[in-house]
Amino acid sequence: MRVAENTASGWRRDLGWALVVALVALAISALGGFKTMSNSNGDNDSLLRLVEVRDFMAGQGWFDLHQYRMGPEGGFVMHWSRLVDALLSGLILAAKAVGMPTWLAEGFAKAAWPTLMYWLTAFFVVRAARRLGGDAVALPVMIITGAALYFMGTFVPGDIDHHNIQLLLVMAGVNFLLAVPDWRPAAVVSGACAALSLAVGMETAPLVAAIGTCVAGLFLVEGQREAPTATGFGLGFAGVSALVLVSTIVPSEWGVANCDAFSSVQFIVAVVSGIGLAIAASVRWLSTTHLRRLLTLGLLAAAVAMIALFLFPQCLRDPYANLDPRLHTLWLDNIEEAQSLFKLMKHDGAAVVGSYVTPLIALVLLALRLIRGDRRREVYVVTALLLMAFAVSVWQVRGMAFSVTLAVIPLAAWVATWRERAATSPSLRTSVAMVLAWLISFNATWSTGARSMTMLTNTATESSDSTASACRGPADYTVLASMPATTVLAVSNLGSPILAYTSHRVLAGPYHRNIEGNLLVLEAFTGQAASAQAVVRNQHIGLIALCRSDPEAGNLTSAAPDGFLAELIKGQLPAWLEPVPGTADQPLELYRVKPD
């Protein structure tokens with residue numbers, strides 16, 4: 001197998017072809033009318049991110065992460081990073097600088113952001129795949145990566161939440177770790193990418209831990225050969241973590257420990273583990289023998305574990321352990337990305353097949369490489385990270401994006417091997433094997449096949465469009481947007497759209513920190529009309545919004561068939577409520593609270 005091309009012209013060519021792949025995906029969306037730009041498709045995070053960017057550009061402080069228009073009076077503090085807000089704001093300001101009106105500048109940012117993330121993520125996947133499979137992997141990895149990222153849905157126009165940049169940073173960290181033998185400073189950059197991914201969101205914490213463990217493992221096995229890798233990664237990880245602390249958190253809160261966002265917890269763990277790894281690798285006496293390296297790394301691991309156990313034990317528990325049981329049952333258990341593989345299997349087997357089969361095949365391919373004696377560092381690193389990503393995806397579906405993307409690397413190398421065999425030893429067998437390798441490597445092949453089988457075996461299955469919520473686009477909120485600003489009582493699924501498309505505020509939104517606001521809405525909708533009236537009066541609610549086709553509304557009426565929401569759907573209005581004229585036959589029904 002030919003070695004990977006690491007010249008400047010090589011990475012520039014990969015960067016160019018990755019841009020072509022991203023622009024093709026953008027063109028497909030454009031030909032379809034940019035449907036994801038005008039229809040949120042339930043992407044509450046992207047809508048709320050836009051709201052946060054607007055608030056920031058309107059003057060809300062850099063360190064002030066309150067969402068004042070959601071929750072009880074005064075709002076609540078969100079756990080998202082201002083770093084993403086700043087980048088999106090930069091795109092909007094750049095568009096406005098060339099004369100675009102605000103609405104068009106926002107549209108530009110909503111299309112440019114995911115396309116930029118798509119481009120750079122594809123580039124880093126291609127570069128990592130070259131490390132594993134050589135230059136022959138170039139064509140397969142471009143095609144398989146393009147398809148994987150497109151059908152994943154994380155990079156569609158309008159998707160401006162933090163998940164796509166997290167995937168980008170993880171793949172960048174993997175690529176730079178694999179690139180260390182050719183460019184030593186890559187270790188520092190890999191550590192920096194790991195720290196930045198944590199700054200954006202804690203979802204990547206298991207993968208960051210896996211990358212750090214890989215670096216420590218390479219140093220343990222190879223000693224001085226990998227000592228610069230460990231030193232550079234540790235310094236990059238610790239250094240950028242310190243920069244994140246001082247640049248995104250107000251000094252008065254440096255001592256506050258938050259488990260769901262970057263805070264003193266992540267900073268202390270990053271500095272101790274990063275500096276400790278750098279010292280272990282740079283002090284020659286500590287690294288001269290396998291035993292010394294093992295003892296040093298063992299002590300470092302024990303120190304980090306003790307810090308986590310004794311200083312921040314709350315962060316070792318389930319992140320939703322303190323959530324009210326009612327929110328668990330009626331809200332969290334119905335959020336798809338927070339479900340486990342086993343829960344997903346019960347109601348969407350096709351999604352399971354499409355999301356989990358290609359990573360499993362990739363793990364088998366990597367295992368076969370190890371069995372055959374392929375002991376290269378690239379094989380170990382990719383195997384370890386894919387194992388961790390797959391384990392995370394089994395726990396929560398949101399980890400699927402990382403496992404599917406990492407799986408592309410060994411799958412593309414596998415396809416490249418069969419292409420070379422078909423070229424050097426042409427035969428019917430090798431040609432068929434090559435075609436099968438291509439087909440098997442696309443996760444879309446598996447999901448399409450599974451859905452087709454489901455349709456054939458279950459004629460009663462309704463299309464997803466028939467049960468989808470209609471209240472997803474700005475047109476559905478036109479009447480509400482024209483009304484004087486007030487607080488709207490609505491299910492959490494409608495919280496972000498109402499904030500994005502109108503000037504109103506809401507109580508509920510699908511965010512775990514908004515516990516009080518979400519509980520108030522559950523109390524109002526699942527209780528009797530008297531309970532709802534108490535919430536309405538106490539929280540100064542002016543309007544109630546109802547979307548009959550929203551799944552959350554169905555869940556709440558099933559849980560409380562005699563509750564206020566169920567009665568409202570039946571058309572049984574209490575005396576203190578009246579319908580807003582002209583909305584009875586609209587997707588979003590509105591009801592006005594009569595004054596006392």
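**View 1. Thr229 and Glu226 are joined by a polar contact of 2.7 Å between their side chains.** A polar contact here is a pair of N or O atoms within 3.5 Å; within protein, one must be able to donate a hydrogen and the other to accept it, and residues adjacent in sequence count only if both atoms are side-chain atoms. This is a predicted model, in which local features need pLDDT of at least 70 and side-chain atom pairs count only at pLDDT 80 or more, while totals for chains, interfaces and linings use all residues. Residues are numbered from 1 along each chain as its sequence is written, and side-chain values use heavy atoms, with hydrogens and water left out. You will find Thr229 in helix H10; helices (H or I, at least four residues) and strands (E, at least two) are DSSP runs, numbered from the N terminus. Thr229 has a relative accessible area of 1%, so this residue is buried. Buried means under 20% relative accessible area, exposed over 50%, and partly exposed in between (1.4 Å probe, protein chains only). Leaving aside residues up to four places away in sequence, Thr229 touches Leu177, Val180, Arg184, Ala187, Val215 and Arg377; contact means heavy atoms within 4.5 Å.

**View 2. Helix H9 (residues 205-222) meets helix H17 (residues 377-395).** Their axes come within 9 Å and cross at roughly 155°. Axes are lines fitted to C-alpha atoms, for helices over the stretch in contact, and angles run from 0 to 180 degrees between N-to-C directions. H9 and H17 are therefore roughly antiparallel; angles under 35 degrees count as roughly parallel, over 145 as roughly antiparallel, 65 to 115 as roughly perpendicular and the rest as oblique. The crossing of H9 and H17 is right-handed. A crossing is left-handed if the near helix is turned anticlockwise from the far one by less than a right angle, and right-handed if clockwise. On the H9 side, look for Pro206, Leu207, Ala210, Ile211, Cys214 and Leu218. H17 contributes Arg377, Val381, Ala384, Leu385, Met388, Ala389 and Val392 to the contact.

**View 3. H17 also packs with helix H18 (residues 400-424).** Here the axes are 8 Å apart and the angle is about 150°, which means H17 is roughly antiparallel to H18. The crossing of H17 and H18 is left-handed.

**View 4. Cys259 and Cys315 form one of two disulfides in the structure.** A disulfide is a covalent bond between the sulfur atoms of two cysteines; the cut-off used here is a pair of cysteine sulfur atoms within 2.5 Å. The S to S distance between Cys259 and Cys315 is 1.9 Å. The torsion about their S-S bond is about -80°, so this disulfide is left-handed. The link connects distant parts of the chain, 56 residues apart. Cys259 sits in the loop between helix H10 (227-248) and helix H11 (264-282), and Cys315 in the loop between helix H13 (290-311) and helix H14 (325-330). Cys259 is partly exposed at 33% relative accessibility, and Cys315 is partly exposed at 26%.

**View 5. Cys471 and Cys547 are joined by a disulfide with an S to S distance of 2.0 Å.** With 100° about the S-S bond, this link is right-handed. Cys471 lies in the loop between helix H21 (464-467) and helix H22 (478-481), and Cys547 in strand E5 (residues 541-547), so the pair ties together parts that are 76 residues apart in sequence. Cys471 is buried at 4% relative accessibility, and Cys547 is buried at 1%. Numbering the bonded cysteines in sequence order gives the pairing 1-2, 3-4.

**View 6. Cys193 and Cys214 are too far from each other for a bond.** The sulfur of Cys193 has its closest cysteine sulfur in Cys214, 15 Å away. Cys193 counts as buried at 8% relative accessibility, and Cys214 counts as buried at 10%.

**View 7. Phe34 and His540 each have a positive phi although neither is a glycine.** For Phe34 the phi is about 50°. This residue is in the loop between helix H1 (8-31) and helix H2 (35-38), and is partly exposed at 28% relative accessibility. For His540 the phi is about 55°. His540 belongs to the loop between helix H25 (529-538) and E5, and is exposed, with a relative accessible area of 58%.
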